[in-house]
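Subject: Structure handover

Hello,

Here is the structure I said I would pass on. Please open it alongside this message.

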Amino acid sequence: MKIETLLANLALNSDFKDPYGASHFPIYNTATFDLKKQEGNERIYDYSRSDNPTRNALENIFAKAENGFGCVCTNTGIAAISVLFETVLKNGDTVLVENDSYGGTYRLLKVLTEKNNIKTIYTDFTNLNLVEEELKNNEISLILCESPTNPSLKIIDLEEIGKLSKKYNTLFAVDNSMATFVSQKPLDLGADFSVFSTTKFISGHGSVTAGAVVSKTKELHQKVRFYANAYGNAQSPMDVYLTSLGLPTLVYRMKAQEESALIIAKFLKNFPQIKSVKFPALEDFEQYGLAKKQMSIIPAVLTIQFQDEETANQLINNTKLFEKKVSYGTSDSRLEIPAKMSHATNSKDSLASKGIDNATVRISVGLENTEDLIEDLSQALQ
Ligand SMILES: *Cc1c(COP(=O)(O)O)cnc(C)c1O
């Protein structure tokens with residue numbers, strides 16, 4: 001089944017058995033379930049922290065969308081990453097992480113280093129030799145990367161990293177928040193886990209924070225489920241419902257946003273105060289070939305380097321449609337300064353080594369009319 005079809009009818013494709021044939025799966029906002037009334041049922045529910053029919057419905061959709069064995073939905077994207085760490089790491093283990101990672105992942109790993117003696121090695125995953133060198137010289141328990149990374153917008157060759165993870169017998173997780181399962185399927189490329197924030201493109205309307213962990217095998221999935229229950233970070237039925245509302249339109253939103261973002265990226269290149277515009281769908285993008293091979297839709301996130309902080313601020317302060325907000329992938333367009341906002345917890349040195357500073361602006365292109373967006377940027381840059 002193609003992804004559009006899977007997402008168009010969630011009640012049907014989640015295998016949710018509703019006695020009334022409801023067209024959307026119902027919200028079971030309940031803490032407990034009567035065990036006597038479920039005698040003879042295929043699946044028994046007792047307590048919503050452990051399991052809930054509404055959450056199961058969304059989990060079934062995500063597992064199918066990622067070609068995984070099973071999924072656990074969590075209350076935030078970071079909760080998904082934290083459940084993943086709880087599942088696969090023990091005190092003293094070493095994680096190999098791409099050096100352009102989400103600010104919250106960086107912060108979480110710092111906490112785990114301080115509290116649980118987890119060692120984190122950061123390296124540049126676009127250089128496979130560097131990755132292999134670390135795998136050779138260290139006992140690595142888990143490899144973690146995003147692709148595209150942000151704000152640097154590096155494309156990581158997931159298939160190649162997958163091969164290395166097999167060669168060195170290490171678990172491999174991809175944070176698929178930005179591209180989503182609509183555009184790329186990490187488990188098909190050799191990953192053991194696809195973790196993602198559904199706060200971004202997937203829910204798509206900036207109305208909820210949520211996440212998910214999809215595991216490739218039954219064994220890994222059961223472990224994730226066990227830890228999610230032990231730590232109590234499963235997603236609430238109401239938030240599952242809010243998240244699900246974004247799904248039927250996800251493919252079409254991402255396509256429209258990509259198209260608009262490409263026009264905007266080309267437009268922004270004309271301004272002398274802008275040094276560079278990074279967007280993987282631009283033909284002169286450094287890794288254009290790999291981006292197009294690995295992703296069917298390019299997520300509408302642009303990274304703009306201004307000549308200086310002043311001109312960057314001029315844009316930020318004068319746009320009306322692009323509000324100053326973190327996050328991306330939502331219906332509304334927005335912009336932010338990663339060094340001061342989304343990635344403020346990453347070290348200044350590591351940001352500087354990637355050329356990310358106060359003159360770097362990240363733009364997320366939403367679903368507004370493209371001409372209106374161009375007009376807004378144009379007046380702000382005058
Ligand atoms: C936003 C984001 C997260 C964290 O998700 P939350 O829902 O904000 O907790 C993790 N990884 C990436 C790549 C993100 O963009």
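Predicted model: local features only at pLDDT ≥ 70, side-chain atom pairs only at ≥ 80, totals over all residues.

The notes below go from the whole chain down to single residues.

Overall

The chain contains 15 helices and 12 strands. For 382 residues, a compact globule would have a radius of gyration near 21 Å, and the chain agrees because its value is 21 Å. The C-alpha trace extends over about 70 × 50 × 35 Å along its principal axes. Buried residues make up 49% of the 382. Taking contacts between residues at least 6 apart in sequence, 71% link residues at least 24 apart.

Domains

Domain 1 covers 3-248 and domain 2 covers 250-381. Their C-alpha centres are 26 Å apart. Domain 1 puts 30 residues into the contact, and domain 2 puts in 33 residues. On the domain 1 side, α1 (3-8), α5 (103-116) and α8 (180-183) each provide at least two residues. That side of domain 1 consists of 14 nonpolar, 11 polar and five charged residues.

Ligand

The ligand is surrounded by 14 residues, of which Thr76, Gly77, Ile78, Ser197 and Thr199 are the closest. By class, the shell has three nonpolar, eight polar and three charged residues.

Strands

Strand β1 (residues 70-74) has five of its five residues buried, so the rest of the structure largely encloses it. Both of its faces are covered: Gly70, Val72 and Thr74 are buried on one side, and Cys71 and Cys73 are buried on the other. Strand β1 runs antiparallel to β7 (residues 211-215), with five bridges between them. Within this pair, glycine 70 sits opposite serine 215 of β7.

There is also an open sheet of five strands with mixed pairing, in the order β8-β9-β12-β11-β10. Its edges are β8 (274-278) and β10 (323-324), each of which pairs on one side only. Inside the sheet, β11 (residues 334-336) and β12 (residues 360-364) are antiparallel and share three bridges. Leucine 335 has isoleucine 363 in β12 as its bridge partner.

Backbone details to check

Two peptide bonds are cis, as follows.

- Serine 147 to proline 148 is cis, with omega about -5 degrees. Proline 148 lies in the loop between β4 (140-146) and α7 (158-167).
- Asparagine 150 to proline 151 is cis, with omega about 10 degrees. Proline 151 is likewise placed in the loop between β4 and α7.

Positive phi values also turn up in non-glycine residues.

- Aspartate 15 has a positive phi of about 60 degrees and is not a glycine. Aspartate 15 is located in the loop between α2 (10-13) and α3 (53-65). Is aspartate 15 buried or exposed? Aspartate 15 counts as exposed because it has 11 C-beta neighbours inside 10 Å, and the cut-off for exposed is 12 or fewer.
- Threonine 180 has a positive phi near 65 degrees, and this residue is other than glycine. Threonine 180 belongs to helix α8. Threonine 180 has 27 other C-beta atoms within 10 Å, so it is buried, the cut-off for buried being 20 or more.

Regards

How values were computed
Residues numbered from 1 in each chain as written. Helix = DSSP H or I, 4+ residues; strand = E, 2+ residues; numbered from the N terminus. Rg over C-alpha atoms; globule rule 2.2 N^0.38 Å. Contact = placed C-beta atoms within 7 Å. Domains from an automatic or database assignment. Nonpolar A, V, L, I, M, F, W, Y, C, P; charged D, E, K, R; others polar. Near = placed C-beta within 6 Å. Pairing = 2+ DSSP bridges.
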